[in-house]
Amino acid sequence: TSYTAYTLEWGESKLGLGAITTGVAPRVQLGTVPVLYVAGVVNASLKANVVRKGPFDAALGLQYYHVPLTGLASRWLAGDGGANVAVNASYLGVGATGSLQVARPWSVHVQSYWARPSIDGDIMFSDLPQVLLPGLSLGDSAAVGLGVVGDLGILNLATDLRFNRRDSVFAWLRYPFYGRVRGRTSGEIGGFEELSNADFIVAYGDWIPFADSYAFAVGYAASWKHVELRAGVGFSAVPAAWTLQAFELSYRWGGATRRQERKIRRGYRQMPESDAPAE
């Protein structure tokens, strides 16, 4: 949900709605969603700010999820009561982000990344959730995939305008522009009936029309001491996909800057009234 190249400070932590992120080294942060481990979902995200030169920052990022779908996929997938249940699934995303402060209160952010969702086991191509490969048409095929691998190219554009240190407005556009799905099938596909007893590879790939996959959100972001809030409205081709960009609530603590601010505030409170600056 982060559209900037900025990272937490070394020793600073951020607790969101279910997720926690920590600055594990200078300009490097590591995050995870602990609640997903209850369902057996191994997950981690890593972001490193590799360039910081004047008003420009650049970062490299990685996300990984491993999901055991046995007994769980029937809640997500279409089909005959979960009859087509995969054994497990994974998601790997790798990308880069650039943030440029155009003027003192105005910044723009560009993010591009490649994502690879995959499922091992028996699953119908037609059962794949739309959010997995948004906008990619798989035709009329109901081929059974013994292993399904997808590739998705995604572009994010964002901008924010700050009124002061705490308040800003933002706009965020997400566009998955290319998708490809490749599966090893059992031959149950139209036009290949004579190969019904054979296993072979079938793949679909195409550039995705903007109108079939976009997500847009605009809103307001604010912070109060340790609390940060982002809230907005939007619309998207995949129903409700824009909500992932529009909302965030988190609590931040630690880091050298916050410790220094705390010392300054403590010193100001302990200063004799006669020495306090006049208002």
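The model is predicted, so local features need pLDDT of at least 70 and side-chain atom pairs count only at pLDDT 80 or more, while totals for chains, interfaces and linings use all residues. Residues are numbered from 1 along each chain as its sequence is written, and side-chain values use heavy atoms, with hydrogens and water left out.

T4 lies in the segment before β1 (13-15); strands are DSSP runs of E with at least two residues, helices are runs of H or I with at least four, and both are numbered from the N terminus. Next, display the residues in contact with T4 (heavy atoms within 4.5 Å). Apart from neighbours within four places in sequence, these are K47, T97, S99 and H109.

Now turn to the aromatic rings. Rings of Phe, Tyr and Trp (its six-membered ring) pair if their centres lie within 6.5 Å; planes under 30 degrees apart count as stacked, over 60 as edge-to-face and the rest as tilted. By this rule there are 12 aromatic pairs. Select W242 and F247: their ring centres are 6.1 Å apart and their planes stand at 45°, so the pair is tilted. W242 is buried, at 18% relative accessibility, whereas F247 is partly exposed, at 42%.

Finally, select Y175, F177, Y178, W207, F210, Y214, F216 and F235, which ring pairs link into a cluster.

How values were computed: Buried means under 20% relative accessible area, exposed over 50%, partly exposed in between (1.4 Å probe, protein chains only).
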